[in-house]
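Visitor: I would like to learn how to read the places where parts of a protein meet. Please take me through an example.

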Protein chains: 2
Amino acid sequence: MSNIPYKTYLEESEMPKQWYNVRADMKNKPAPLLNPATKKPMTAEELSTVFCKELVEQELDDTTAYIDIPDEILEFYKMYRPSPLVRAYCLEKALDTPAKIYYKFEGNNTSGSHKLNSAIAQAYYAKKQGLKGVTTETGAGQWGTALSMACAYLGLDCKVFMVKVSYEQKPFRREVMRTYGANVTPSPSTTTEVGKKILEAHPGTTGSLGCAISEAVEVATHTEGYRYVLGSVLNQVLLHQSIIGLESKAAFDKIGVKPDVIIGCAGGGSNLGGLIAPFMGEKLRGENDYEFIAVEPASCPSFTRGKFAYDFCDTGMICPLAKMYTLGSGFIPSANHAGGLRFHGMSSTLSQLYDDKLMKAVAVEQTSVFEAAEKFARIEGILPAPESSHAIKVAIDEALRCKETGEEKTIFFGLTGTGYFDMVAYQKFNDGEMTDYIPTDEDLAVGFAGLPEV
Amino acid sequence: MSNIPYKTYLEESEMPKQWYNVRADMKNKPAPLLNPATKKPMTAEELSTVFCKELVEQELDDTTAYIDIPDEILEFYKMYRPSPLVRAYCLEKALDTPAKIYYKFEGNNTSGSHKLNSAIAQAYYAKKQGLKGVTTETGAGQWGTALSMACAYLGLDCKVFMVKVSYEQKPFRREVMRTYGANVTPSPSTTTEVGKKILEAHPGTTGSLGCAISEAVEVATHTEGYRYVLGSVLNQVLLHQSIIGLESKAAFDKIGVKPDVIIGCAGGGSNLGGLIAPFMGEKLRGENDYEFIAVEPASCPSFTRGKFAYDFCDTGMICPLAKMYTLGSGFIPSANHAGGLRFHGMSSTLSQLYDDKLMKAVAVEQTSVFEAAEKFARIEGILPAPESSHAIKVAIDEALRCKETGEEKTIFFGLTGTGYFDMVAYQKFNDGEMTDYIPTDEDLAVGFAGLPEV
């Protein structure tokens, strides 16, 4: 065994003080958000009716490489960061591979995932702007939980619209948010105009993320002192999440290791974009080469089977248009899909990098993902979130390939969170009742048909 | 703000290599376990039919101060330890206290608590003895989860009898254990003689910890290659848990701080005994003085209202007799008691230390505990287990007292775990439906009446 420790923690003094904005080093910048009515780039003014002012600046800034992290956010980060860079000695041994495996574990905070990194930043700027509160939507609940924690810390009101089926089936997630003082409303609700309309049209509906977004945006734009916040997809979110990659890079430098391949799961891109940011920066500047792999579910394959086109970010079609790899905002993954990463689109920044062939993407099926998750839990002692397990699956595959070829590759993946609140999906897997679903070309055609003309 | 970091992690090379056995430094040793039939001290041979051989040695050894931690356990510890020693700057600021507050956080592993420290040790010795597997009982599920993880790692079979009401009401705990490959049986079951008898006598019973222990012991003693393991109360468990205190002591030394008061929750004593061990050792050897406070629920007040007497460790009255502070093995906390720490007795070692006035104890009511838990979650960002929150409650009280008096005390408490699987109790609190219960003297008399004559 080498003298590299199981876990590398940065000292407080070694923690990053700035976020890294990968767009600054991209030759082909991500395409701008468009106003859905005029099809013209959204101005800062237009965006400021929905988002906080400083966040709009971050959203639009594609030239500043490093942005100072405000002191208040640095203090909050110190409560739950740095997260460990883990050498997976036990997994290497169990796989009998010559590959060296590392992962960055972001699950050691009460929200259970990396979402907190951007939640505290967005809540901070809202507070700084003198707002009373923020609104958002949540599906599985990781983002809602993280935002509730951040708002409780800053004394900001937090209104969460939680997809009704999750509200009912994940009562524990709901209670965590309530314990943090958040106002959690099952969506669709009768508290908004759009909610009432949907309930009239579809009585008994269990809701969708698209509807919850619409309700959250309506409340934010119609309530004095409120703005809307989002946990993925946006450039600002990738900027905040760069803390993951920056800490990883500093920890790798500390132990004198350079990863060869970097693997992350991809839903809207918040984790993957943050994880790879500084490494991609080196690649873009020609300083170092890395192989990047985005892993997505075969049942919601935005990168591998989607189109690179302008599309709505929400199912309700009220948000700006983003140019991204998308399955169409009308695409809804099959009901048997348990593993998260259900978003039809993808971060514009990552989409551009993928289109420029700077990263690869693979799609994996969910039973194989849960097999990898169970194996990982038993060997490495961490019960992973289904989302994170997509990256685990591909990291294990890669390590087994190295076993075949004898390559001593250094594999690095992002372990975004824990599966504590995903035990319904694990139970399905444990009971042998989990199945796979791959959409047919006809299924995908339905989503593509709804793509807007730009 | 001082230059002490929010979190102090030991380097891998600084992690303790030995457990500390506080009994070696006690002038008054804890009284021996007695055979319930003969009322004579249990011999190693008698104990070896139930427990693993090396664990029996550890159980009976009250003279060896330091015991080497086997390499295999050290390796496992490196996967999830060291745990952080946290300076609670945010809590200090929110309380506006001159006191300095520290806590040792044991919740950053998938079992969610400190239980894993002893689970891996007990599983290791079972494996070393060539056993096929171990049996145990679990109520809330922390111990069962920890043991399942340890057994999965070592390739040992794990049979868990889970109190039926928990099995049904905490399906997620059950699924975590199943994911780790454990065989989880709701107790009482028809798989044991004692289970069948209980079901005949009480059809429809939802079970009890005492019954689950009886089933687990029956299976262990009637199955070739199996032994029974227990997660608290025993001397061996306190020995393994001393890793908590040893790491804390090393971290305090590293930052040049000496705690004045050390606070821990007390159910059977596994956390408290481990947390205070090396500090108590210094006090026993006259090297340093500390104030120790055990915190227990007012609804199950073993220390503060119990008797120091020989009693059964289990409700089924089949286990050896231990001399301890006890409410009687027939005492069952009120059904409205949600905060864990339900054991009627207490570790013999801690009982002796308490009787020798080397530590104090206080009892707190559960609504005040959940108020402290909610406050802590919102300020420090960690959603604590109800058990751990007993210590939080008293630490906050102590810090507020310091505010009155102006004392700059250094307060240190054990944060044993997370509350992820306790959201039913939090929901009750959030909904304002939680009530307090303090047993009357008449209630306690029932338990005391069942104390065996020795």
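Predicted model: local features only at pLDDT ≥ 70, side-chain atom pairs only at ≥ 80, totals over all residues.

Visitor: What rotation and shift superpose chain A on chain B?

Guide: Copies are superposed by least squares on the C-alpha atoms of residues with pLDDT of at least 70 in both. Here a rotation of 180 degrees, with 0.0 Å of shift along the axis, places chain A on chain B with an RMSD of 0.0 Å. That is the relation of a two-fold axis. In chain A, the C-alpha of N108(A) is the one nearest the axis, at 2.9 Å.

Visitor: Which domains does chain A have?

Guide: Domain bounds come from an automatic or database domain assignment. For chain A it gives domain 1 (7–14 + 82–112 + 238–449) and domain 2 (19–68 + 115–228). The C-alpha centres of these two domains of chain A are 23 Å apart.

Visitor: How many residues of domain 1 of chain A are in contact with domain 2 of chain A?

Guide: Contact means heavy atoms within 4.5 Å. By that rule, 40 residues of domain 1 of chain A are in contact with 41 residues of domain 2 of chain A. Buried area is the accessible area (1.4 Å probe) that two parts lose on being put together, summed over both. Domain 1 and domain 2 of chain A bury about 3,300 Å² between them, with 65% of it on carbon and sulfur atoms. L239(A), H240(A) and F421(A) supply 22% of the area that domain 1 of chain A buries against domain 2 of chain A, more than any other three residues.

Visitor: How many salt bridges are counted between domain 1 and domain 2 of chain A?

Guide: A salt bridge is a side-chain nitrogen of Lys or Arg within 4 Å of a carboxyl oxygen of Asp or Glu. The count between domain 1 and domain 2 of chain A is two. K170(A) forms a salt bridge with D422(A), whose closest N and O atoms are 3.5 Å apart.

Visitor: Now the chains. How much area do chain A and chain B bury between them?

Guide: Chain A and chain B bury about 4,200 Å² between them, 56% of it on carbon and sulfur atoms. In terms of contact, 44 residues of chain A meet 44 residues of chain B.

Visitor: Which side chains meet in a salt bridge between the chains?

Guide: The count between chain A and chain B is two salt bridges. In one of them, R178(A) meets D431(B) at 2.8 Å, N to O.

Visitor: Which element gives the most to the side of chain A that touches chain B?

Guide: Helices (H or I, at least four residues) and strands (E, at least two) are DSSP runs, numbered from the N terminus. Elements giving two or more residues to that side of chain A include α3 (71–80), α8 (171–179) and α17 (423–430) of chain A. The most comes from α8(A), with six residues.

Technical notes. Residues numbered from 1 in each chain as written. Chains lettered and ligands numbered in written order. Heavy atoms only, no water.
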